[in-house]
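Subject: Structure handover

Hello,

Here is the structure for you to open. Please have it on screen while you read the notes.

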Amino acid sequence: MVVTVRSLGLNGISGYEVSAECFLSGGLPAFDVVGLPDAAVREARERVRAAIKNCGAKFPVSRITVNLAPAGQKKAGTVYDLPIFVGLLAASGELPPLPADAAFLGELSLTGALRGVSGVLPMAMAAKDAGIRQLFVPADNAAEATLAGGLTVYGVPDVKTLTAHLRGDTPLSPASVWMPEETPIPLPDLEDVMGQENVKRALEIAAAGGHNLLLIGSPGAGKSMLAKRLPSILPDMSRSEALAVSAIWSVAGLADPKNPLLTRRPFRSPHHTASASALSGGGPALRPGEISLAHNGVLFLDELPEFHRDVLEAMRQPLEDGEVTVARAGGTLHMPARFQLVCAMNPCRCGWRGHPSGRCSCSHRDAEKYAEKISGPLLDRIDLHVSVPSVEYEAMRRKEIPESSAVVKGRVNAARAIQLRRFAGTNVTCNAYMPASMIADFCPLDAAGEKLLETAFSRMGLTARSHDRILRVARTIADLDGAESISAAHLAEAIQYRNTDILKG
């Protein structure tokens with residue numbers, strides 16, 4: 001007898017339907033799992049055997065064959081323990097026929113308890129698209145699965161509870177749709193930063209338009225402190241953005257069972273020893289990297305010149321396309337990577353070039369060599385180059401409280417609202433993602449602006465890319481002012497953020 005149990009699997013960060021076909025036949029007892037399983041899937045045989053015996057059921061003494069279809073797709077992980085368990089009991093007559101619209105997934109312990117698995121949210125979304133209406137998952141994953149919507153989710157603590165439900169003895173109660181907490185933990189606030197008003201202005205522009213940012217200054221000037229406060233002024237994510245980010249984090253095993261939906265934009269800060277694969281993604285299981293984990297959020301690279309050159313160059317294509325393509329022997333994976341890049345670096349190797357103390361020991365050529373670690377193409381993709389000066393004593397001892405993040409976020413939200421109305425009906429959400437075809441329509445210049453941009457283009461040696469990025473930043477500055485058109489003042493402020501001479505001290 002063959003029993004087919006519906007389940008789900010993962011292909012990168014996307015879910016797809018898997019059928020566990022369980023066949024009991026005569027012959028010497030054996031237990032085979034086919035369908036390109038990895039070691040973790042093959043080891044399900046022993047976990048299922050122990051779980052069946054420990055829940056009081058009778059393990060079938062026959063030749064057992066389990067096929068995971070589609071058989072040409074590699075299967076990985078422990079998610080198939082539960083469908084194999086249910087299929088064997090149904091095939092041996094221990095369970096009644098299974099509902100046609102039900103799917104099962106989860107890892108079994110030897111005692112029959114269910115353990116949580118990663119990637120439940122994208123699998124639940126795939127289940128909804130496949131017409132599945134009942135989804136049985138481990139209790140730890142129930143809240144996450146409810147985020148997909150359109151499903152009746154059952155959180156199963158152990159197999160005894162599941163078998164009692166399927167037999168109709170003790171029905172399980174469906175899991176309630178998870179709702180975020182009303183009082184989230186506060187983020188680091190800009191009011192903690194004394195002085196640095198010019199840098200705060202750059203952070204506001206970056207947040208309002210989704211622009212990339214480079215902070216250059218001596219140690220202790222507050223570069224990292226300022227960068228870590230950028231999320232506090234970023235606009236809140238929409239529901240679709242939050243689901244996309246949460247699905248990526250779920251696949252990476254970073255989802256919190258108690259708070260499965262990320263309601264705040266992610267902030268990722270990898271160490272400078274990270275490899276190119278750690279940043280872009282990949283590995284044996286083709287998992288998302290840091291740039292995908294920062295999707296719809298911020299990727300902060302502190303001590304930028306200390307990163308290996310191949311790691312930095314791996315970001316060039318995702319910065320343009322908002323997507324990273326990872327090609328490995330195990331397959332090709334397309335992952336979203338629409339992130340906001342924020343970098344911080346010292347002006348020279350010793351870090352003190354330009355500091356009032358005059359303690360820098362680097363020559364002019366040493367400072368240039370240090371800055372040359374950052375390639376021109378990568379710098380060209382960073383919209384705002386900002387010098388972070390040392391904080392003066394008077395600013396540190398100032399008694400008045402600086403402007404809070406809530407006030408700045410109010411202005412950022414107003415500017416983003418303008419952009420959402422401007423790009424209504426398109427997939428563009430902010431000025432930084434405005435394609436070149438829209439720039440002529442939304443970034444027109446008057447005669448003074450045309451003359452100013454022409455002069456800057458020739459004197460600064462701007463590229464076509466930097467030309468477009470200056471106009472996008474100018475459009476954001478105009479939006480913060482509530483202006484319908486870009487004035488010469490808006491354009492001049494945008495141009496001064498492209499001053500790469502600060503890299504040379």
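Predicted model: local features only at pLDDT ≥ 70, side-chain atom pairs only at ≥ 80, totals over all residues.

Residues are numbered from 1 along each chain as its sequence is written, and side-chain values use heavy atoms, without hydrogens and water.

Helices

Helix α7 spans residues 197-209 and helix α17 spans residues 405-422 (helices are DSSP runs of H or I, at least four residues, and strands are E runs of at least two, numbered from the N terminus). Their axes lie 8 Å apart, at an angle of about 35° (axes are lines fitted to C-alpha atoms, for helices over the stretch in contact; angles run from 0 to 180 degrees between N-to-C directions). On the α7 side, the contact uses Glu-204, Ala-207, Ala-208 and Gly-209 (contact means heavy atoms within 4.5 Å). The α17 side includes Arg-411, Ala-415 and Gln-419.

α17 also packs with helix α20 (residues 464-481), at about 115° and with axes 8 Å apart. Here α17 brings Arg-411, Ala-415, Ile-418, Gln-419 and Arg-422. α20 brings Arg-475, Asp-479 and Leu-480.

Sheet

An open sheet of 5 strands runs β11-β14-β17-β10-β18, with parallel pairing (two strands pair if DSSP finds at least two bridges between them). Its edge strands are β11 (267-268) and β18 (384-388). β14 (residues 298-301) and β17 (residues 340-345) pair over 4 bridges. Val-298 stands opposite Gln-340 in β17.

Best wishes
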